[in-house]
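Subject: Structure for you to look at

Hello,

Here is the structure I promised. Please open it beside this note and follow along.

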Amino acid sequence: MHNVVFVLGPPGSGKGTICAKIQENLGYVHLSAGDLLRAERQREGSEFGALIEQHIRNGSIVPVEITCALLENAMNNSGDAKGFLVDGFPRNEDNLQGWNKQMTGKALIQFVLFLSCPVPICIQRCLNRGQGRTDDNEESLKKRVETYNHQTFPIIEHFEKNGLVREVKSERSVEEIYADVVEVFNQTAKV
Ligand SMILES: Nc1ncnc2c1ncn2[C@@H]1O[C@H](COP(=O)(O)OP(=O)(O)O)[C@@H](O)[C@H]1O
Ligand SMILES: Nc1ccn([C@H]2C[C@H](O)[C@@H](COP(=O)(O)OP(=O)(O)O)O2)c(=O)n1
Ligand SMILES: [Mg+2]
């Protein structure tokens with residue numbers, strides 16, 4: 001059984017940054033759904049490259065069959081991790097249902113780390129990110145924020161109803177955020 005912490009929040013809220021620190025210090029393995037999709041897009045011979053690029057630019061969500069298969073493969077290939085940080089997933093109802101269908105009995109959701117941050121700050125961070133991403137531009141960001149508000153936030157609310165959400169405000173320094181994140185892991189991660 002894989003232990004899983006979902007990490008959600010608007011684009012630019014700092015999910016990748018905080019996950020890297022958790023991986024380094026707490027021994028969880030960081031799996032970014034976006035990074036896995038970008039790698040699949042680049043993989044020679046992938047039949048999904050064009051479809052993935054289309055969704056990424058458009059700020060829409062890739063069908064779960066693709067994303068969940070990438071996540072499950074990555075978990076199975078990571079050896080004996082004490083847990084996985086699944087960053088940027090599930091982002092919509094399709095993601096959630098596909099995960100439940102494919103991973104029930106194989107993964108245990110420990111909690112959902114929700115990095116909350118005002119959208120204008122998130123947009124500014126993405127525009128300054130400097131990773132050359134095809135979706136860190138004003139037009140794609142507008143669509144990504146819309147997708148977040150209409151599709152991802154309801155998923156966070158769903159987990160909230162189940163008592164699984166741990167919110168950490170991320171309009172602060174990485175050090176301040178991380179200190180609260182460690183508290184959350186100390187309180188709730190059963191390892
Ligand atoms: N707490 C923070 N304060 C200021 N900038 C941050 C903070 N956390 C992350 N960043 C920067 O914001 C950008 C987006 O961060 P990232 O971790 O990639 O977010 P996400 O994965 O949620 O999109 C990056 O350039 C990162 O260096
Ligand atoms: N579960 C996911 C995660 C990401 N994607 C696609 C669509 C997203 O806008 C892009 C980028 O996701 P990523 O998590 O890397 O973006 P942020 O870190 O939130 O800025 O990838 C997806 O289709 N399904
Ligand atoms: Mg990210």
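How do the residues of the shell around ligand 1 divide into nonpolar, polar and charged? They divide into three nonpolar, nine polar and three charged. Here Ala, Val, Leu, Ile, Met, Phe, Trp, Tyr, Cys and Pro count as nonpolar, Asp, Glu, Lys and Arg as charged, and the others, Gly among them, as polar.

Before the rest, some ground rules. This is a predicted model, in which local features need pLDDT of at least 70 and side-chain atom pairs count only at pLDDT 80 or more, while totals for chains, interfaces and linings use all residues. Residues are numbered from 1 along each chain as its sequence is written, and chains are lettered from A and ligands numbered from 1 in the order in which they are written.

**Ligand 1**

The shell holds 15 residues, and Gly14, Lys15, Gly16, Thr17 and Arg125 come nearest. A residue is near a molecule if its C-beta atom, placed from the backbone, lies within 6 Å of it. Helix α1 gives the most, with three residues. Helices (H or I, at least four residues) and strands (E, at least two) are DSSP runs, numbered from the N terminus.

The UniProt record, an unreviewed entry, carries the annotation "binding site" for Gly12, Ser13, Gly14, Lys15, Gly16, Thr17, Arg129 and Arg172. UniProt positions are given in the numbering used here, feature names are shortened, and annotations may be inferred rather than shown by experiment.

Take two of those positions. Lys15 lies in helix α1. Lys15 counts as buried because it has 24 C-beta neighbours inside 10 Å. The cut-offs: a residue is buried if 20 or more other C-beta atoms lie within 10 Å of its own, exposed if 12 or fewer, and partly exposed in between, with C-beta atoms placed from the backbone. Neighbours within four places in sequence aside, Lys15 is in contact with Val7, Gly9, Asp87, Gly88 and Leu115. Contact means that the C-beta atoms of two residues, placed from the backbone, lie within 7 Å.

Arg172 sits elsewhere, in the loop between β5 (165-169) and α8. With 14 other C-beta atoms within 10 Å, Arg172 is partly exposed.

**Helix α1**

Helix α1 covers residues 15-26. At 1.5 Å a residue, its twelve residues should span 16 Å, and the end C-alpha atoms are 15 Å apart, which agrees. The expected span is 1.5 Å times one less than the number of residues.

Which residues of α1 are buried? They are Lys15, Ile18, Cys19 and Ile22. Seen down the axis of α1, these fall within an arc of 100°, so they line one face of the helix. The arc is that of the directions from the helix axis to the C-beta atoms. Exposed Glu24 and Asn25 are on the face turned away from the buried side. The cover over the buried residues includes β1 (2-8), β2 (29-32), β3 (84-87), β4 (107-116) and α8 (174-188). After α1 comes Gly27, with a positive phi near 80°.

**Ligand 2**

Around ligand 2 there are 20 residues, of which Pro11, Ala33, Gly34, Val62 and Gly88 come nearest. The largest share, three residues, comes from α2. By type, the shell has seven nonpolar, nine polar and four charged residues.

**Helix α5**

The unreviewed UniProt entry also has a "binding site" annotation on Asn95. Asn95 lies in helix α5. Is Asn95 buried or exposed? Asn95 counts as buried, with 23 C-beta neighbours inside 10 Å. Beyond four places in sequence, Asn95 is in contact with Ile61, Val64, Thr67, Phe89 and Pro90.

The buried residues of α5 (residues 93-103) are Asn95, Gly98 and Trp99. Down the axis of α5 they fall within an arc of 105°, so they line one face of the helix. Gln97 and Lys101 are exposed, on the face turned away from that buried side. Helix α4 (64-76) is included in what covers the buried residues. Just after α5, Gly105 takes a positive phi of about 90°.

Best wishes
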